[in-house]
Each structure stands twice: as structure tokens, then as C-alpha cells.
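Please keep the sequence and the model open alongside the text.

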Amino acid sequence: MNPYGSVDGHRTLGNPGVGQAPPTITHSFQPLQPVGSPTRLPDVVQPPMPPTPSFRPPQPQVVQQGPPVGLYPGTQGPQPSYPSPVSGPPFPGYGQNAPQAMAPQQYPPQQQPLYGSYPTDAPVQASTINPMQPQQPRQGYWGDVNQLSQGMAGMSVNQGFNAGWGVAPIDLLQNRHIIPPNPVIEPPKITLQNEYWSSVNCESDIFRCTMTKIPETSGLLQKCRLPLGILIHPFKDLPRLPVVQCNTIVRCRACRTYINPFVHFIDKRRWKCNLCFRSNDVPDEFLFDPKSSTYGDPGRRPELQSATIEFIAPSEYMLRPPQPAAYVFLLDVSWNAVQSGYLKIVCDTLLAHLPDRLPGDSRTLVSFIAFNSALHFFALSPECSRPKLMTVKDVDDVFLPTPDTLLVNLAEIGSCVEDLLTQLPMMFNEPDAGNALGAALQAAHKLLGPIGGRVTVFQTQLPDVGPGALKSREDPNQRAGKDVHNLNPATDFYKKLALDCSAQQICVDLWLLSGQYADLATLSGISKFSGGCIHYIPGFHVTRFPLSGEKLEAELGRYLSRKIGFEAVMRVRCTRGLAVHTFHGNFFVRSTDLLSLPNVNPDAGFGMQVVIEEALTGVQNACFQAAVLYTSSKGERRIRVHTLCLPVSGSLPQLLHSVDQEAVVGLLAKMAVDRTVTASLTDAREAFVNMVVDMLSAFRAAEGGGGMGLTSAPNARLIPVYVLALMKSVAFRVGTSTKLDDRVFSMCQMKASFTSLPLADLILMVYPCLYPVHNMSDEDAIVESDGEIIPQPPRLPLTYERIDSGGVYLMDSGDKLTFYVCRAINPAWILAVFNVHHFSHIQDGAIDLPELDTRESKRVRSFLGHLQAQKFMPATLVVMREDSKDRMDFVHRLVEDKSDCGSSYYEFLQMLKGLVK
Amino acid sequence: MVFSLPAFSYMIALIVDAFLIFFAIFHIIAFDELKTDYKNPIDQCNSLNPLVLPEYLMHMAFNLLLLISGEWVTVLINAPLIAYHVLRYKNRPMMSSPGLYDPTSIMNADTLSKCQREGWIKLGFYVFSFFFYLYG
Ligand SMILES: [Zn+2]
């Protein structure tokens with residue numbers, strides 16, 4: 001079946017696409033439920049509890065009977081059923097009156113392109129409303145939840161897939177080929193007491209918990225031996241986001257929780273907070289329906305219909321007027337940097353993005369500072385047509401030569417900036433080897449201090465002049481050693497500066513394009529604590545290593561054009577009894593539940609370990625709410641709120657079956673990074689094994705799965721192989737030569753990124769997808785509306801056993817696609833795809849495939865395009881021949897095999913079996 | 001002289017110990033303020049860090065005095081704490097200024113509760129030794 005074709009048809013049913021501006025404000029909000037979908041009804045009339053109307057209407061002139069129970073958001077137990085003063089069915093998204101109830105919301109028109117700009121958006125939003133469609137699971141955005149909740153027996157990929165494995169315990173030793181052929185591993189479904197709640201719960205790629213049920217007591221959690229925590233991706237690009245503008249944002253008086261779909265309405269005028277259980281009044285505005293000028297039914301409010309919502313904040317949410325978008329670019333122009341040729345790529349990419357594709361408005365400010373052993377400022381002003389270069393040689397005591405003309409309005413000096421960017425790559429030609437990064441950062445901090453904003457640093461070597469100068473700490477002979485040193489910073493200069501920046505709402509993003517050791521462990525501090533992001537392209541050189549230039553251009557393009565939120569804070573609240581214990585990510589923790597994020601970007605992810613402080617006895621659901629308060633690039637103060645609701649369970653077997661294996665692995669990786677830095681790598685590796693052993697032992701104890709095998713809950717079956725892969729990943733491996741910076745970067749990635757698709761990139765980085773591409777059939781292929789056929793080859797386990805000597809394989813490791821060609825490949829295939837006659841003529845290290853008009857070439861390229869379209873940053877492609885010198889890179893990724901970095905998967909299982917009691 | 005050297009050193013120890021009790025209380029209050037989101041961790045660390053070394057040095061100084069006066073038992077009672085202080089300071093996070101507390105990791109629930117526990121235990125110890133010196 002073609003998922004796209006019919007989806008497109010469905011879109012015309014009345015859901016305007018994101019790109020189309022809604023005709024009026026009143027109609028601009030799109031109900032999240034399928035409008036008029038016939039399948040909605042069965043859910044509606046199957047309430048989990050019998051309806052007992054306890055609330056009598058003051059005027060019984062009801063046009064239509066109140067809705068059945070399941071639909072009322074926030075209802076548990078005996079149900080009040082409210083008559084609606086407005087005619088029409090009062091439940092959300094159903095019937096003609098729905099748009100009226102949505103009156104107070106709007107999509108501000110200027111925000112539209114931003115929501116639509118993400119390449120994978122198109123299929124995502126298209127999938128919204130087709131409950132019949134077995135959609136590509138990771139793409140189902142709003143629709144996926146609905147479609148799962150429809151109870152369309154067995155229609156969704158998830159259910160079909162699970163049926164294959166069943167719910168019975170799995171013997172890992174008997175099922176060695178554990179990796180499913182489908183590359184998309186569906187996150188487990190969260191089932192709440194009523195269908196409505198299950199259907200509105202927060203998307204799993206925004207908010208995810210390591211367990212789909214919360215243990216009732218901490219003792220029970222102990223018995224499960226599972227890490228409890230949440231992974232959140234708060235600022236993810238969303239294809240559809242309800243935006244609300246109102247005078248008062250309804251929040252709990254006691255704990256300041258935002259009203260959400262999971263609150264309980266005691267009656268029409270009071271709601272009970274689902275986090276602290278205190279009862280609150282419903283303000284009149286919340287009941288008011290401006291369209292019909294009547295007091296409507298609170299159930300229609302978008303706040304109660306969507307677990308992800310954005311508010312336009314009134315003035316009490318501002319400490320100062322919203323800041324303009326301000327960008328400072330720090331460019332390394334030391335001799336090393338000039339030779340690597342990065343400047344040309346950066347300047348060209350900037351030229352292509354300024355001014356329109358950089359988020360901002362008419363107030364947007366920019367500045368450029370170049371640095372080698374001195375600082376070079378560029379005075380830009382509308383009067384002078386040419387940028388004026390000012391060099392400051394004194395790097396120990398930084399001052400700004402002309403503060404007024406350094407940070408300037410982009411709209412006014414556009415042509416001047418273009419001039420500068422065109423000349424910049426040729427400007428610095430003297431062989432000045434020094435690098436005064438510390439001073440340059442201080443200058444940027446001074447420049448942005450009064451405003452806040454983003455500093456983008458391009459760095460190519462170890463800073464060695466002025467404040468923050470560093471010395472090389474890496475001993476190349478120790479690279480393969482058992483224990484790794486120097487993972488901690490050498491100085492706290494960068495951390496302290498980052499905290500100063502954070503206090504003034506400045507975020508520093510680091511781009512390390514380095515050929516040799518640059519002490520990322522120390523430099524990363526500048527981004528880690530200022531809410532920034534770190535990009536690292538090892539061995540960067542434009543001519544010697546063309547792939548690196550390609551990668552820089554692709555990543556920078558996404559970086560410059562993606563959404564950005566300024567002067568942000570994020571608060572995470574959870575149901576009373578639960579508490580956030582440890583935070584993982586790039587930010588500064590300002591108080592127990594408040595993270596200070598000078599900038600927030602759509603690709604940033606956070607992890608939090610959660611502890612159960614008080615037993616959740618008598619509580620049916622536990623909720624987590626994350627709220628990000630930020631200033632948009634258009635100078636609007638906004639609050640984005642995500643609420644995740646999970647059932648509480650007191651049954652150990654149930655809990656053991658409620659593992660979300662990918663989330664567990666994601667959180668484990670973050671915890672292990674902490675352990676490595678505070679204790680040692682050996683400790684972290686031991687902790688990995690212990691965690692798996694504990695988990696399997698707990699399962700065996702609870703299920704009594706005696707006998708010879710090694711049984712695991714079906715939901716947790718991939719944890720051992722993922723953990724093995726983690727221990728062989730760049731961050732945690734031992735025994736094979738690993739550069740310190742590579743290791744530190746890998747750790748930074750694990751710690752900070754949740755990454756765009758459901759954990760997918762972290763998982764891909766650890767356990768890449770391997771596809772055979774030499775014999776792709778059209779079976780199961782996706783047929784695009786324009787006739788393009790996208791083959792769907794099955795995913796292979798990462799073992800050399802499955803590599804055929806005459807095959808060609810594509811390995812997708814998140815940011816890199818490796819096209820591995822084996823020696824004995826059929827020459828006809830080579831001709832069809834590479835247009836050469838012999839294996840030895842294939843260019844090793846090529847970064848693209850020729851566009852040929854053969855069936856094989858088309859299939860391969862359309863499959864590559866399909867993989868690229870799912871990524872938030874385009875991946876780089878590299879062709880690798882079996883006799884390539886980089887072949888070991890590929891072989892090391894075959895993590896199920898025995899290698900110098902560890903045992904094979906089977907040996908690992910045998911070892912686990914010996915340890916499990 | 002009415003005072004012998006041991007008596008004198010006990011008196012000094014008593015006075016210093018009173019100060020140490022105040023330090024411990026100050027620490028406990030400070031960490032509690034952090035836990036209840038009353039203070040910013042940067043400010044709090046900035047106010048706590050300068051106090052760490054003086055506390056350690058004061059404690060070591062009167063122990064040295066006691067050692068000179070030959071009060072072996074008292075010194076032995078204090079020795080574990082001295083060792084703990086030395087170890088704790090050696091394993092402090094990377095910092096350019098003196099002190100122990102790093103604002104980026106202090107909000108970590110484990111670190112915070114460890115610091116709080118440390119504060120209470122030290123308070124207990126100082127109060128105990130205060131009476132010990134008083135009657136000793
Ligand atoms: Zn509350």
C-alpha cells in the first residue's frame with residue numbers, strides 16, 4: 001500500500017496543510033482528532049467507566065446530550081456530564097462547532113514557514129489524519145497516537161510487529177538474530193485508563209520515559225532494576241503546534257503546573273491539578289467562547305486537547321523586553337585554519353543564508369570577529385561601504401575598539417556584510433600560528449553582554465595564546481590503553497566564562513574542525529554550560545579530505561536555518577512523589593527543576609533521571625510536564641509546554657514488561673558518560689554489564705524463567721546487544737586506538753543529544769543500520785506519488801557472517817552513510833551503478849554516486865534519498881571498497897562480531913548467562 | 001602561669017570549635033537554601049568556597065597545637081577528619097580559585113545530598129568535640 005498517496009487525498013478533507021495560511025483566525029486551529037472520521041465513534045461510546053451524570057444542567061434545554069465519559073479530558077471515576085450551551089456535540093474536534101471553540105488560538109502567520117521548513121515535515125503532517133493507514137511509524141506525528149488509539153485491530157505497524165514476537169519471554173540464546181528486519185523500532189505504547197488520554201499523550205519523540213508504567217514505590221523500582229528517567233526533546237520542529245494567545249494562562253495555584261489534558265475536572269468551575277492534586281478555579285476566560293459569545297465547555301480548549309501546546313506569553317513572563325536575534329561569529333584565522341580552507345565554505349554558506357534564511361526579524365544583529373594570536377574586529381556601518389578591519393594585539397586584557405559599529409543591524413548593513421564575507425577568505429594570509437580563542441570569547445561576551453544571543457565559534461586547533469591557553473595532554477601511545485585519562489577539563493576558564501555567558505543569556509556553539517588534538521574535553525565546557533551545541537569534524541581539510549568540507553556545508557546549512565529560541569529556561573515538573581534527580585544535557589541547572597538555556601535549538605535533547613521520593617499509592621497516573629519559556633527569533637515571548645502521562649503500576653511483572661528499551665539505552669549512555677568522567681572508564685563499562693545482569697536477574701526472579709536459557713522481557717530484548725554496541729562505541733571502547741577528542745565528542749553527543757527522530761540517531765550511532773543493496777527487489781517498496789520506487793531492503797544484524805563476498809552494503813550510522821563494496825561483486829552491477837567496468841576502477845572514498853539511468857542506480861539513489869529525508873542533518877555518503885585503508889572503520893562497526901574492542905554478541909550472552917542469578 | 005600548655009590549647013580548641021560549629025551550620029543552611037530553590041547556585045558557591053580552606057586550616061591549626069601539648073587522644077579523635085579534609089580537597093573539581101563547590105555540579109541531587117549529609121555529620125562531630133574540650 002502506498003502510504004503517501006491516500007494521505008494526500010485525506011488532507012483535502014479539510015485540514016489545511018501547514019504551508020497554507022488559514023483563511024481566518026477562527027479556523028486556524030486544527031483539531032487533533034480526525035475530523036469527522038467515522039472510526040472515532042466506537043471509541044467514544046466505549047467509556048472505561050459507566051457514565052453517571054452528577055452535574056445537573058442549570059437549564060435543561062440541552063440540544064444534544066453530553067458526551068460519553070471517555071471524551072472528557074481529565075475525568076476519572078464517576079463522570080459529570082455537562083450539557084453544552086452551544087448546540088453541537090461538545091467534545092473536541094468532533095462536529096461543526098469545533099472551530100468556534102478554537103477561537104482564541106492562532107497560528108501567527110510569520111511562524112508558518114518555520115514549522116514547515118523541516119524536510120521531513122511533509123509526510124509527517126500528511127499522516128495526521130488517516131487512521132486506516134499503516135504509516136511509517138516514526139513519521140506519524142499527531143496522527144500516530146490517534147491511529148493507535150483507534151483500535152484498528154492489528155492495522156498499525158507496531159501491533160503487527162509485536163505480534164511476531166509475542167509477549168512471552170524471549171530466550172536470548174535461542175534468538176541470536178535479535179535485530180528485527182524492520183529498521184524502525186516502534187516505541188512501546190502507553191495505555192492510559194481512557195482512550196482519549198492515550199490518544200492525546202505527548203509524542204514519543206518529544207517526551208519519552210524509560211518505562212511505560214511508573215512503579216508505585218521506590219522498592220518496586222529497585223526490584224525492577226531498571227533506570228527510571230525521561231528523555232525530552234522540547235524544541236523539536238513540529239509540523240503542527242497549537243498556539244494559544246490569552247490574557248491569563250491557566251496554571252495551578254500551588255505548583256504552577258500548566259493546565260493540560262490530564263487534569264481532573266471536579267465540576268465545571270474547578271479542576272484538580274494532576275501534579276500536586278490541589279483543586280483550582282477555572283477562570284471565566286477559559287470557559288468563554290468568543291465566537292458564539294457564550295460560556296462554553298472547557299473540554300474544547302486546545303489546552304485540554306493537546307499534550308504539546310504553545311502559549312504566547314503575556315508581559316508578566318518577561319523580565320525585560322524580548323531581545324532581538326543577535327549572532328556573533330568567531331572565526332579562527334590562524335595559519336592552520338587558513339590552510340584547512342574552512343573559511344571559504346563558512347563564508348559561502350553564510351552568504352547563502354544571510355539575511356533571509358537566518359531566523360530573525362528587522363532587529364536582527366550580527367557581528368564577525370576573526371582571531372589568530374590577535375583579535376580582528378570588523379567595523380560595519382551603513383555609511384562606509386567597506387568593512388573596516390581593526391586589529392587588537394593585546395589579548396590579555398580584551399577591549400572592544402568601537403563598540404557601536406561591531407554589532408550591527410543586519411537589515412541596514414546587508415551589503416557591507418556581503419562584502420566582508422566575500423573578502424574574508426582571502427584576507428588573512430600571514431603565517432600566524434597562534435590562537436587566542438579565550439580572548440575572542442571574552443570579546444564576544446563583552447559585545448553581546450547587554451543583549452544576549454548566540455556566539456558561533458569556528459576553531460581548528462588548540463588555543464595557545466592569552467587567557468584560556470592550553471597545552472596538549474594527549475599521549476598518542478595511550479590511545480589504546482585500558483583506562484583513559486584527561487577526560488576532565490584542564491582549566492575551568494571555559495566553564496566559568498560559560499557561566500558568565502549563561503547569566504547574560506549568551507550561548508556559545510562550538511564548531512571544532514580540527515586536524516590534531518584540540519582538547520575538546522576542556523573546550524566543550526564553553527558550550528556545555530551555556531546551552532550550546534558542539535560540532536566536531538575530525539581531520540578537517542578541504543582538499544585532503546573532501547568529505548569533511550561536504551559535511552561542514554551540510555551541517556552548517558541546517559545549523560544556520562533551524563529555529564532558535566533566545567533567553568530560554570526550561571522547567572520540569574512531575575507528579576508529587578516523583579523528583580528529578582540528575583539532569584543530562586547542555587545547560588546550567590539554576591535550581592532543582594529549572595534549567596537555564598541561553599538558546600534552545602530544535603536538535604537539543606535532554607535526559608533526566610527520576611527518583612520516587614514518596615510512594616505513589618492511590619495515584620492512577622504520574623505526569624511529567626516540561627515547559628520552555630523562550631523568546632522567538634521574531635521577538636515574541638512564548639511558552640512551549642509538553643505533558644507526558646504514564647500509568648502507575650504496582651505489579652512487578654507488568655513493570656518488567658513495560659521497558660522502553662531504546663529510552664533505557666539512551667539514558668544509560670548518559671549515565672555512563674557521567675560515570676566515566678567522575679570515576680573511570682573501567683567503572684562505566686562495569687556498570688553497563690551490571691545493569692544488564694541485574695535487569696535479566698530481576699526478570700528471571702519475577703518470571704521464574706528457570707532452565708538453561710537467558711530469558712528477557714520481549715520489550716527489553718535489544719538491551720544486551722545495544723549495551724554491547726555501546727561498550728564498543730567510540731565513547732566507551734578500550735583496546736583499540738581511539739583519539740581523545742573523538743572519544744570526548746562521542747561522549748558529548750551521548751550526553752546532550754536526544755536527536756531528532758525517536759532516539760534514532762543515538763541508537764544509529766551505537767548500532768548502525770546495515771542494508772544489503774546489491775539485490776534490492778521491488779517487493780515491499782514504497783511507491784511515491786510521482787512514480788519513484790523506493791526499495792525497502794531488510795536490515796541485517798551487524799555481523800560479518802551476513803556480509804556476502806559478492807555484495808554491496810549500505811551502513812547508516814546516523815551522520816554517515818557508508819557504501820561498502822565487496823570485491824567479488826558482479827561487474828554488471830558495478831557498471832550499472834558506478835559506470836565503471838571493474839571493481840578496482842571504483843573510486844574509493846568517493847562522496848557521491850553517479851546519476852545513471854539504470855534500474856539499479858535509480859533504486860540505490862532513491863533508497864539513499866529516502867534515508868537522507870529522515871535525518872535532521874543530512875548525512876555524508878562515502879564509498880568504501882573492500883580493499884580500502886579505512887576498511888577497519890567499517891569492520892569495527894560490526895559490533896556483533898569479536899574484535900579487538902570486545903567479545904562477540906554470543907560470547908557476551910554466554911558471559912551474561914554466567915552472571916545472571 | 002596558671003595555664004599549662006594543654007589547658008591553653010584546649011581553650012583555643014574550644015574557641016575555634018565554636019567557630020567551626022558556626023561554619024557547619026552555615027553550610028547546612030546554604031545547602032538547604034539550594035535545595036528549596038531559594039538561592040542561585042553560582043552565588044551560593046561563591047559565598048561558600050572562600051570558607052572551605054579557612055575551616056580546614058583552623059581545624060588543623062588547633063590540632064597542631066594539641067599535638068605539641070601532647071594530647072594524643074584528642075588528636076587521634078580528630079585525625080580521621082583531617083584525613084578526610086585532605087582527601088576531599090585533593091579530589092575537588094577542576095577550579096582555579098580555592099574552594100570545593102562547583103556551581104555546575106552542586107545541583108546534582110547526589111552531590112547536594114552528600115554535601116548536606118557531610119554538613120550534619122561535621123556539625124555533630126564539632127558539637128561533640130566542643131563538650132569534649134570543655135570537660136576534657
Ligand atoms: Zn498543582
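Helices (H or I, at least four residues) and strands (E, at least two) are DSSP runs, numbered from the N terminus. This is a predicted model, in which local features need pLDDT of at least 70 and side-chain atom pairs count only at pLDDT 80 or more, while totals for chains, interfaces and linings use all residues. Residues are numbered from 1 along each chain as its sequence is written, chains are lettered from A and ligands numbered from 1 in the order in which they are written, and side-chain values use heavy atoms, with hydrogens and water left out.

**The zinc site of chain A**

The zinc ion is held by the SG atoms of C252(A), C255(A), C273(A) and C276(A), at 2.2 to 2.3 Å; donors here are N, O and S atoms within 2.8 Å of the metal (3.2 Å for Na, K and Ca), and sites may look incomplete because water is not among the atoms. Along the sequence, these donor residues follow the spacing C-x2-C-x17-C-x2-C. C255(A) belongs to the loop between β5 (243-245) and β6 (264-267) of chain A, and C276(A) to the loop between β7 (270-272) and β8 (279-281) of chain A, so the pair ties together parts that are 21 residues apart in sequence.

Why is the arrangement of the four donor atoms around the zinc ion called tetrahedral? The angles that they subtend run from 104 to 115 degrees, which makes the arrangement tetrahedral, a word used for four donors if all angles lie between 85 and 135 degrees. For comparison, the ideal angle for four tetrahedral donors is 109.5 degrees.

**Backbone angles in two loops**

Most residues other than glycine have a negative phi. Which loop holds F277(A)? F277(A) is placed in the loop between β7 and β8 of chain A, and its phi is near 65 degrees, a positive value in a residue other than glycine. N835(A) also has a positive phi, near 60 degrees, and is found in the loop between α26 (827-834) and α27 (855-869) of chain A. The accessibility of both residues is listed below with that of a strand residue, V392(A), which lies in β15 (residues 388-392) of chain A.

| Residue | Relative accessible area | Class |
|---|---|---|
| F277(A) | 28% | partly exposed |
| N835(A) | 48% | partly exposed |
| V392(A) | 5% | buried |

Between V392(A) and N690(A), which are 298 residues apart along the chain, the C-alpha atoms are separated by 55 Å.

**Rings and charges**

Over all chains, the structure holds 26 aromatic pairs. Rings of Phe, Tyr and Trp (its six-membered ring) pair if their centres lie within 6.5 Å; planes under 30 degrees apart count as stacked, over 60 as edge-to-face and the rest as tilted. W511(A) and Y559(A) form an edge-to-face pair, at 5.3 Å centre to centre with 85 degrees between the planes. This pair links distant parts of the chain, given that W511(A) lies in strand β18 (residues 506-512) and Y559(A) in helix α19 (residues 546-561) of chain A, 48 residues apart. Both W511(A) and Y559(A) are buried.

A charge sits over a ring if NZ of Lys or CZ of Arg is within 6 Å of the ring centre and within 35 degrees of the ring normal. In chain A, the charged end of R251(A) sits over the ring of Y258(A), 4.1 Å from its centre, and R881(A) lies over the face of F839(A), at 5.4 Å from the ring centre.

**Chain B**

Chain B has four helices and zero strands, and its C-alpha trace spans about 50 × 25 × 20 Å along its principal axes. Of its 136 residues, 41% count as buried. Y10(B), F62(B), F128(B), F132(B) and Y133(B) form one aromatic cluster.

Technical notes
Four donors count as tetrahedral if all angles lie between 85 and 135 degrees; four count as square planar and six as octahedral if opposite donors are over 155 degrees apart and all others between 65 and 115; anything else is irregular. Buried means under 20% relative accessible area, exposed over 50%, partly exposed in between (1.4 Å probe, protein chains only).
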